[in-house]
Amino acid sequence: MSDLMNIDKEYVANTYARFPVALVSGKGSVVTDVNGKEYIDMGSGIGVTAFGIADDAWQAAVTAQLGKLQHMSNLYYTEPCAKLAQLLCQRTGMKKVFFCNSGAEANEGAIKAARKYAMEKKGPDWYTIVTLENSFHGRTLTTLAATGQDHYHELFQPLTPGFAHAPANNLQAVTALALEKKAAAILIECVQGEGGVIPMEQDFVKGLAAFCAEQDILLAVDEVQTGNGRTGALYAYMHYGIQPDIISTAKGLGGGLPLGAVIFGEKTEFVLGSGDHGSTFGGNPVCCAGALSVMSRIDDAFLAEVQQKSDWVFSALSGAPGVESVSGLGLMVGIKTTKPASDVVKACIDKGVLCLTAKNKVRLLPALNIPMPVLQKAIQVILDVCGEETA
Ligand code: PLP
């Protein structure tokens with residue numbers, strides 16, 4: 001084991017089961033380890049480096065901003081923050097943005113806003129947030145409570161009260177629970193990511209949107225993993241023809257720097273007022289300059305390319321030896337393999353391809369601009385590994 005790995009093992013909190021790979025640099029979708037071995041990156045830092053490693057345009061935007069103003073308090077105006085909020089609203093039809101640093105923090109903001117909206121509109125009993133079983137919304141105590149997977153909860157009781165979970169794709173169950181619990185909001189991932197790359201059904205999402213509008217219960221979509229072009233639409237809710245009341249996002253938004261956003265629609269734009277919420281680093285000018293570079297390039301032509309790559313990936317994998325099924329949307333792909341997913345991931349590392357897992361599936365979240373030949377090479381390695389007889 002290398003010195004670096006030993007130091008890390010001794011001094012970094014033991015919260016991550018790291019693979020024995022120490023990475024030092026990269027370009028685009030190729031990363032290099034301390035020994036000079038190259039890997040195709042099919043995980044992009046769990047859907048973060050939307051345009052790959054050290055993307056030229058992103059790097060130029062970030063470094064230019066670094067030389068001007070690396071941070072400023074939210075007591076003052078800064079250009080990248082204002083321009084990014086404007087761009088996000090223009091591209092989504094939403095009205096206002098609150099910036100933060102991560103996905104969990106974005107969901108915290110969404111939950112706070114939903115609680116305040118319902119408290120003011122309907123009274124103090126309307127505080128429950130209904131989420132879906134098998135969902136994932138983050139690791140703070142409140143977003144753990146929102147996460148509909150018991151095994152994340154067990155050791156951290158008591159969690160924030162006021163959350164209830166109903167089965168995904170079961171409109172009757174979700175709406176009944178929302179009425180019974182006097183829900184402030186229903187919070188969903190349009191594609192459950194950590195839960196195993198499972199897209200929600202069209203009728204379910206459309207039905208929820210109609211129910212929420214009718215009952216004046218807010219519909220919040222967690223686009224932390226699915227957002228910013230990942231699924232072949234700018235935001236995954238756009239595949240369903242609905243308009244949410246609140247969007248939370250992070251990951252790919254900053255292209256590799258920590259940035260989250262809560263995006264408010266017509267009903268919610270004025271809910272959070274001065275002093276209701278804040279975040280020292282939220283809207284950091286360097287992160288926002290990088291995000292502007294990312295978001296301004298995710299246009300319709302770019303999204304069409306993401307979709308074409310996705311179509312190719314799905315057809316290359318579906319029905320291949322050792323592949324039981326393929327799920328997902330766009331470049332958010334889950335592969336149910338005959339072999340255990342962790343074995344596939346380890347074998348792929350040996351062959352120079354970095355993949356992720358989600359539950360019992362191999363998960364792929366490559367950079368959205370991964371060149372086709374690089375993508376083809378990586379998928380061929382995955383196909384070889386899945387199809388190989390186990391000794
Ligand atoms: N929500 C979803 C759907 C996620 O996939 C994640 C992270 O994987 C989060 C929230 C939490 O994001 P973060 O790790 O940035 O707090």
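Two strands are taken to pair if DSSP finds at least two bridges between them. Helices (H or I, at least four residues) and strands (E, at least two) are DSSP runs numbered from the N terminus. With these terms, Gly334 stands opposite Arg363 in β17.

The structure is a predicted model, in which local features need pLDDT of at least 70 and side-chain atom pairs count only at pLDDT 80 or more, while totals for chains, interfaces and linings use all residues. Residues are numbered from 1 along each chain as its sequence is written, and side-chain values use heavy atoms, with hydrogens and water left out.

## Overall form

The protein has twelve helices and 17 strands. Its radius of gyration (taken over C-alpha atoms) is 21 Å, close to the 21 Å that the globule rule gives for 391 residues, so the protein is as compact as a globular protein of that length. The globule rule is 2.2 Å times the number of residues to the power 0.38. The C-alpha trace spans about 60 × 50 × 45 Å along its principal axes. Of the 391 residues, 54% are buried; buried means under 20% relative accessible area, exposed over 50%, and partly exposed in between (1.4 Å probe, protein chains only).

## Strands and sheets

An open sheet of four strands has the order β1-β2-β3-β15, with mixed pairing. The strands β1 (23-27) and β15 (353-354) stand at its edges, each with a single partner strand, so one side of each is left without a neighbour in the sheet. Strand β1 runs antiparallel to β2 (residues 30-33), and four bridges join the two. Within this pair, Lys27 stands opposite Val30 in β2. Val30 is partly exposed, with a relative accessible area of 25%. Between Val30 and Val262 there are 232 residues of sequence separation and a C-alpha to C-alpha distance of 31 Å.

The loop between β2 and β3 (38-41) holds Gly36, which counts as partly exposed at 47% relative accessibility. The C-alpha atoms of Gly36 and Gly241 are separated by 46 Å, the two residues being 205 apart along the chain.

Strand β17 (residues 361-364) directs Lys361 and Arg363 one way and Val362 and Leu364 the other way, and all are buried. Strand β14 (residues 332-337) pairs with β17 in the antiparallel sense over three bridges. Strand β16 (residues 356-358) is also antiparallel to β17, joined by three bridges. Arg363 has Leu356 standing opposite, as well as Gly334. The hairpin of β16 and β17 has two residues between the strands, and in this hairpin Lys359 takes a positive phi near 50°.

## Ligand surroundings

A residue is near a molecule if one of its heavy atoms lies within 4 Å of it. The ligand is surrounded by 13 residues, the closest being Gly103, Ala104, Asp222, Gln225 and Lys251. Helix α5 (residues 103-122) supplies the largest share of this shell, with three residues. By class, the shell has three nonpolar, six polar and four charged residues. In this scheme Ala, Val, Leu, Ile, Met, Phe, Trp, Tyr, Cys and Pro count as nonpolar, Asp, Glu, Lys and Arg as charged, and the others, Gly among them, as polar.

| Residue | Protein atom | Ligand atom | Distance |
|---|---|---|---|
| Gly103 | polar backbone atom | oxygen | 2.8 Å |
| Phe136 | backbone N or O atom | nitrogen | 3.4 Å |
| Lys251 | side-chain N or O atom | oxygen | 3.3 Å |

Taken alone, the ligand exposes 390 Å², of which the protein buries 81%. Accessible areas come from the Shrake-Rupley method with a 1.4 Å probe.

## Backbone geometry

Most residues other than glycine have a negative phi, and most peptide bonds are trans. The peptide bond from Gln157 to Pro158 is cis, with omega near -5°. Pro158 lies in the loop between α6 (141-146) and β6 (163-166).

Asn228, although not a glycine, has a positive phi of about 60°. Its place is in the loop between β10 (218-222) and β11 (246-249), and Asn228 is buried, with a relative accessible area of 2%. Lys251 likewise is not a glycine and has a positive phi of about 35°. Lys251 is found in the loop between β11 and β12 (260-264) and is one of the closest residues to the ligand.

Key. Polar contact = N/O pair within 3.5 Å; in protein donor to acceptor, adjacent residues only side chain to side chain.
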